[in-house]
Amino acid sequence: MALKYGNYANSNIISANANLPVTGENPCNCTTSDDFRNYLLTRQSRKVRITTSSEEFSGVLFAVKLDYIVLAENQGSLVLIPISKIRTVAEI
């Protein structure tokens, strides 16, 4: 199951953008940006794939801060990603 920002009809991908309606299955019941942040907190310490509009990242979700996440990539580098830029989150 992937969590996706945007308005998509695919039942395996849900909307989590606070400005858009939630459609399809919604494992986190995300209707606000706080809900989405809380969902990310439940994925902390797990291997995830994160996509933004321009890049895709994979690794362990190391930390969830107020407005960004810290992802530990397989190569050992830490990547800071603004939560507002995240389009999809999928556990791998």
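Count the salt bridges in this predicted model and you get 2. They're a handy way into the fold, so let's start there.

**The salt bridges**

One of them pairs Glu91 with Arg43, with 3.3 Å between the closest N and O atoms. These two partners come from distant parts of the chain: Glu91 belongs to strand β7 (residues 86-91), Arg43 to helix α1, and 48 residues separate them. The other bridge joins Arg46 to Glu91, and here the closest N and O atoms are 3.2 Å apart. Again the link spans distant parts of the chain, since Arg46 sits in the loop between α1 and β3 (47-52), 45 residues from Glu91 in β7. Shared partners tie Arg43, Arg46 and Glu91 into one network. As a general point, side chains of opposite charge can pair when their charged atoms come close.

How covered up is each member of the network? The table has the values.

| Residue | Relative accessible area | Class |
|---|---|---|
| Arg43 | 14% | buried |
| Arg46 | 33% | partly exposed |
| Glu91 | 41% | partly exposed |

Arg43 counts as buried because its 14% falls under the 20% cut-off.

**The whole chain**

Now step back a bit. The chain holds 1 helix and 7 strands, and from the N terminus on they come in the order β-β-α-β-β-β-β-β. Of its 92 residues, 38% count as buried. The chain exposes about 5200 Å², with carbon and sulfur atoms supplying 47% of that. Take the contacts in the chain with a separation of 6 or more: 35% of them are between residues 24 or more positions apart.

**The helix**

Helix α1 covers residues 33-43, and Phe36, Tyr39, Leu40 and Arg43 are buried in it. They sit on the same side of α1, because they cover an arc of only 100° around the axis. After α1 comes Ser45, which has a positive phi, near 75°.

In soluble globular proteins generally, nonpolar side chains tend to be buried together.

Val70 lies in strand β5 and counts as buried, at 8% relative accessibility. Leaving out residues up to four places away in sequence, Val70 touches Val60, Leu61, Phe62, Ala63, Leu78, Val79 and Leu80. Take Val60 from that list: Val70 and Val60 are 10 residues apart in sequence, with 8.6 Å from C-alpha to C-alpha.

Thr52 has its place in strand β3 and is buried too, with a relative accessible area of 14%. Setting aside its neighbours within four places in sequence, Thr52 is in contact with Phe57, Ile81, Lys85 and Arg87.

Key:
Residues numbered from 1 in each chain as written. Predicted model: local features only at pLDDT ≥ 70, side-chain atom pairs only at ≥ 80, totals over all residues. Heavy atoms only, no water. Buried < 20%, exposed > 50% of the residue type's maximum accessible area, 1.4 Å probe, protein only. Helix = DSSP H or I, 4+ residues; strand = E, 2+ residues; numbered from the N terminus. Arc of directions from axis to C-beta. Salt bridge = Lys/Arg side-chain N within 4 Å of Asp/Glu carboxyl O. Contact = heavy atoms within 4.5 Å. Areas by Shrake-Rupley, 256 points an atom, 1.4 Å probe, with all protein chains shown as cover.
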